[in-house]
Amino acid sequence: DSLRFLQRLRDDLASTRSRDVLVFVHGYNSSFEDAAVRLAQLVADMGFDGTAVLFAWPSQGTLSGYVRDQQTARNAGWHLLHLLRDQLPQAQPDRIHVVAHSMGSEVLSRAFALMDPRDSLPRLSQVVFAAPDVDARIFGREVLPIIRQRAAGVTLYASSEDEALRASRVLNGVWRLGLGGDSLTVLDGMTTIDATRVRGDILGHTLFGNAALLSDLHALFTEGRAPNERRLLQVRRGDGAVFWRFR
């Protein structure tokens, strides 16, 4: 129950140096077990000294369950908002970071969209969207303006080699936020990182096993370094937009 969860969270925070919380929102085609293992590996490989919290939503855990997963992800947004607004602050962490992967970005986007401007949500630290499977236009128009008011920093990791997001673009008929290439999404108030050179799984969709990305997340979460202080190359596009690329 919520009281037991809160007590375990307080106990765990008391044993860490940073007193930071990292919330991980898994993606599509992910079972609870898969998500738990991925988060454990992410925390260990990144060297995160804080408390990790898995926000698990009921994915079908199958490639064929995409459409149902998409609706389920949207429905889970309220529950994630409840976690961020009502539960985590009671443990009094120093900072709260959030990482949303793939369709987990739909959950997180929905949570922000449901916020009342009067909500007493604590200011989040770093919010990261890794290969996000959300409508890029809606995100820029409706979601990012809310996040910018509620978080110290917003980071997007995108890739032009992501076959899963290419398929999602065809299925949904609109550009996905996590796709790189010529139409890489660069928006004011968000750091965009082209992670095309980062090798993931066979679909290019799972980035968290890559040493370069893990090192960058460590620099962002643990050390709070700006993009120009990390192993990133600044790129200025023809339209004047600035983004970053792994060296």
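Tutor: A salt bridge is a side-chain nitrogen of Lys or Arg within 4 Å of a carboxyl oxygen of Asp or Glu. Keep in mind that this is a predicted model, where local features need pLDDT of at least 70, side-chain atom pairs count only at pLDDT 80 or more, and totals for chains, interfaces and linings use all residues. Residues are numbered from 1 along each chain as its sequence is written, and side-chain values use heavy atoms, leaving out hydrogens and water.

Student: Which residue forms a salt bridge with Arg245?
Tutor: Side chains of opposite charge can pair when their charged atoms come close. For Arg245, the closest N and O atoms of the pair are 3.4 Å apart. The partner is Asp194.

Student: How many residues apart in sequence are the parts that this pair ties together?
Tutor: Helices (H or I, at least four residues) and strands (E, at least two) are DSSP runs, numbered from the N terminus. Arg245 lies in strand β8 (residues 242-246) and Asp194 in strand β6 (residues 191-194), so the pair ties together parts separated in sequence by 51 residues.

Student: Is Asp194 buried or exposed?
Tutor: Buried means under 20% relative accessible area, exposed over 50%, and partly exposed in between (1.4 Å probe, protein chains only). Arg245 has 23%, which makes it partly exposed. Asp194 has a relative accessible area of 9%, so the word for Asp194 is buried.

Student: In the salt bridge of Asp135 and Arg137, what is the distance from N to O?
Tutor: Asp135 counts as buried at 15% relative accessibility, whereas Arg137 counts as exposed at 52%. Their side chains meet with an N to O distance of 3.7 Å.

Student: How many salt bridges does the structure hold?
Tutor: Another one joins the side chains of Arg85 and Asp86, at 2.9 Å from N to O. Asp86 is partly exposed, with a relative accessible area of 26%. The total for the structure is 12.

Student: Which residues does Leu80 contact, leaving aside its neighbours within four places in sequence?
Tutor: Contact means heavy atoms within 4.5 Å. With those neighbours set aside, the partners of Leu80 are Val23, Val25, Phe55, Val107, Leu108 and Ala111.

Student: At what angle do α5 and α6 pack?
Tutor: Axes are lines fitted to C-alpha atoms, for helices over the stretch in contact, and angles run from 0 to 180 degrees between N-to-C directions. Helix α5 (residues 104-113) and helix α6 (residues 136-150) have axes 9 Å apart. Their contact is made by Ser109, Phe112 and Ala113 of α5 and Phe139, Val143, Ile146, Ile147 and Arg150 of α6. The packing angle is about 70°.

Student: What percentage of the 247 residues in the protein chain do buried residues make up?
Tutor: The chain has 8 helices and 8 strands. Across the chain, the buried share is 51%.
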